[in-house]
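Me: Can you walk me through this structure? I'd like to start with one of its pockets.

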Amino acid sequence: MVAPPGRAPTPLPTVAQACARAGVTVREVHSGAECVAGAALLADIWGTAAEAAPLQSDVLLSLGHAGGAVLGAFAGDELIGLTVGIAGRPGSPELYSLIAGVAAAAAGRGVGVALKLAQRDWALAHGATRMRWTYDPLIRRNAHFNLNRLGAHIVEFVPDFYPPMTDAVNAGDLTDRLIAVWDFADPRPPVSVPAGAETVLAAGDDEEPVLTPGGPGPWLIETPTDIEAIRRADPTRAHRWRLALREVLHRAERLDYRVLGFTGDGAYLAGRGDR
């Protein structure tokens, strides 16, 4: 099956429009002082000590000096968001988005949208035609943003993509990730649910994951409303979600099913197709 298209994607704003809505300016981060601020911001977002920030200031400076996309979102002189993109192999048409984060106090303002669009424009200006990144498949808002707002598509599921991580966001959890690719010239529209789609992973009572065997497809794979809240309140239940999603995606892989999109109510659509 090929996933049936749903509604047309909502047109994305320009970078200028997104920045105006978020109340920020996005620009390249160059100076040592700005890179120190960037590392401190990442440490705060990921809940680590300064010396264990996901990227240290010297690495940020080096990545920018080497031609990477180290972009900061500034509210006045304050750095409140950061994204880092690096090139693939020499001559690659692809930018790899390594990390992105927004200060908790600025959440919900659209700063992340402004950063992502600025990263896309930076990539286009430097000859890239698409972008690749990883994300946690259990985080519903990220799946919606990546697949439905931007029009990225999923190319692979990788269990334990990262080694064990010790930051406050990922500590104690498995690091399964979906690989998303955003083709700037061919953003994919959101999918609609085809007739006969069968739910193989559902949120049951108290948002407990419920697995069913599943027939010949297509499949709906539900996600919890807020896995991050579940992790904080009940890490054991969050782990059951991780294992359940992993099982379903492995099962899909064995049947040559792909993730074809993400529905408006929080489920992946999987089946055979070329999305």
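This is a predicted model: local features need pLDDT of at least 70, side-chain atom pairs count only at pLDDT 80 or more; totals for chains, interfaces and linings use all residues.

Me: What classes of residue are in its lining?

Reply: Eight are nonpolar and three are charged. There are no polar ones. The lining includes Phe157, Leu249, Glu253 and Arg258.

Me: New topic. Which strands does S10 pair with?

Reply: S10 (residues 219–222) runs parallel to strand S8 (residues 198–203), joined by three bridges. S10 also pairs with strand S12 (residues 267–271), antiparallel, over four bridges.

Me: What stands opposite leucine 220?

Reply: Threonine 199 does. In S12, leucine 220 has leucine 269 as its bridge partner.

Me: OK, cores. Which residues touch the most other members in the largest nonpolar core?

Reply: Val24, Val26, Ile221 and Tyr268, out of 70 residues. Helix H4 (residues 111–125) gives this core its largest share, eight residues.

Me: What is isoleucine 221 in contact with, beyond four places in sequence?

Reply: Its contacts include Val200, Leu201, Leu245, Leu249 and Tyr268.

Me: Where does Leu220 go, then?

Reply: Leu220 is in a second, separate core of five residues.

Me: What do nonpolar side chains tend to do in soluble globular proteins?

Reply: They tend to be buried together.

How values were computed:
Residues are numbered from 1 along each chain as its sequence is written. Side-chain values use heavy atoms; hydrogens and water are left out. Two strands pair if DSSP finds at least two bridges between them. Helices (H or I, at least four residues) and strands (E, at least two) are DSSP runs, numbered from the N terminus. A nonpolar core is a set of buried Ala, Val, Leu, Ile, Met, Phe, Trp, Tyr and Cys residues joined through side-chain atoms within 4.5 Å. Buried means under 20% relative accessible area, exposed over 50%, partly exposed in between (1.4 Å probe, protein chains only). Contact means heavy atoms within 4.5 Å. On a 1 Å grid over the protein atoms alone, a cavity is a set of points where a 1.4 Å probe fits but cannot get out, and a pocket is an open set with protein on both sides within 12 Å along at least five of seven lines; lining residues have an atom within 4 Å of a point. Ala, Val, Leu, Ile, Met, Phe, Trp, Tyr, Cys and Pro count as nonpolar, Asp, Glu, Lys and Arg as charged, and the others, Gly among them, as polar.
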